[in-house]
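Here are my notes on the model you sent, as numbered points. Please read them with the structure open.

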Amino acid sequence: MGLQAMLRLIYPPQCLGCDARVTSDFGLCGTCWRDTPFIAGLVCDTCGIPLQGDDIDAVVHCDDCLSIARPWAQGRAAMLYKGNARKMVLQLKHGDRLDLAKPAGAWLLRAAKPLIRSNTLIAPVPLHWFRLFRRRYNQSALLAASLGKLAQRDHCPDLLIRPRWTASQGGRDRHARFENMQDAIRVHPRRGAQVKGRNILLVDDVMTSGATLAAAADACMAAGAAEVSVVVLARVAKDD
Ligand SMILES: [Zn+2]
Ligand SMILES: [Zn+2]
């Protein structure tokens, strides 16, 4: 018997959200899955928010994405940022549950599948080095690594850097969020050649206004990327 099988006997796989036993590692039980706002059906092609409509293959855009400049081609989100999804995102961010990065990679892959090309390069939205120093890890880099492994695509954790310190986006309105993030992200000086002509898939934990992803996508396009797409674990809906 292999070590994995032996461990599974001693520690049967447990639901990520409760004590229930589950049949696969790193999954959710039926009840927790149902109580987690995973996104399915028709979504905005640019940000992944769910939209009304029956034709799930239609290319549609939400009001926000029609009125705000989005310097990326397509975007998806695995879950809505509320309830159980919000709880898991915060647990990952604050380091209580780093083990969530692995199953979250599978949820990201499920959402991002239509965006992944043969030459896709996966990269996380960066943290400023000081924030990284204090927190010790970048949750978006953990997600990007997990997605890259499952999608079998190149993953570059330091493709982008944040040379300028930006104060928290919390408490700012949309206009201020975009202003705060302007020119805050750059392609790493040694990574320029990797970006040229590539399809870049940017990964972040949460999308609220999209200002951070816009700054990251702008940086990739300025460095010669062929196309940029984005995928986030959770999308904040306007009325939340
Ligand atoms: Zn459960
Ligand atoms: Zn949208």
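The model is a predicted one.

1. D183 belongs to the loop that runs between helix 8 (174-181) and strand 5 (186-187). Its phi is near 60°, a positive value in a residue other than glycine. With a relative accessible area of 53%, D183 is exposed, because the cut-off for that word is over 50%.

2. R136 is another non-glycine residue with a positive phi, here about 75°. It sits in the loop between helix 6 (129-135) and helix 7 (139-151), and at 69% relative accessibility R136 is exposed. Most residues other than glycine have a negative phi, so a reader may wish to look at this backbone angle and at the one in D183.

3. Which residues hold the zinc ion (ligand 1)? The donors are the SG atoms of C15, C18, C29 and C32, at 2.3 Å. Along the chain these donors follow the spacing C-x2-C-x10-C-x2-C. The angles between the four donor atoms run from 104 to 114°, so the arrangement is tetrahedral; the class requires all angles to lie between 85 and 135 degrees. For four tetrahedral donors the ideal angle is 109.5 degrees.

4. Within that site, C18 lies in the loop between helix 1 (3-10) and helix 2, while C32 lies in helix 2, so the pair ties together parts that are 14 residues apart in sequence. C18 is partly exposed, at 29% relative accessibility. C32 is buried, at 11%.

5. The zinc ion (ligand 2) is coordinated through the SG atoms of C44, C47, C62 and C65, at 2.3 Å. The donor residues are spaced C-x2-C-x14-C-x2-C in sequence. Angles of 105 to 115° at the ion make this arrangement tetrahedral.

6. D64 is in helix 3. Is this residue buried or exposed? D64 is buried, because its relative accessible area is 11% and the word applies under 20%. Leaving aside residues up to four places away in sequence, D64 touches R70, R174, R235 and K238.

7. How many aromatic pairs does a search of the whole structure find? The search finds two. W33 and F38 form a stacked pair, with 4.0 Å centre to centre and 20° between the planes. The rings of F38 and W107 have centres 5.2 Å apart and planes at 80°, so this pair is edge-to-face. Planes must be under 30 degrees apart to count as stacked and over 60 to count as edge-to-face.

8. F38 is in the loop between helix 2 (30-34) and helix 3 (63-67), and W107 is in helix 5 (residues 101-112), so their pair ties together parts that are 69 residues apart in sequence. Ring pairs link W33, F38 and W107 into a cluster.

Notes:
Residues numbered from 1 in each chain as written. Chains lettered and ligands numbered in written order. Predicted model: local features only at pLDDT ≥ 70, side-chain atom pairs only at ≥ 80, totals over all residues. Heavy atoms only, no water. Phe/Tyr/Trp six-rings, centres within 6.5 Å; stacked < 30°, edge-to-face > 60°. Helix = DSSP H or I, 4+ residues; strand = E, 2+ residues; numbered from the N terminus. Donors = N, O, S within 2.8 Å, 3.2 Å for Na, K, Ca; no water. Tetrahedral: all angles 85-135°; square planar, octahedral: opposite > 155°, others 65-115°. Buried < 20%, exposed > 50% of the residue type's maximum accessible area, 1.4 Å probe, protein only. Contact = heavy atoms within 4.5 Å.
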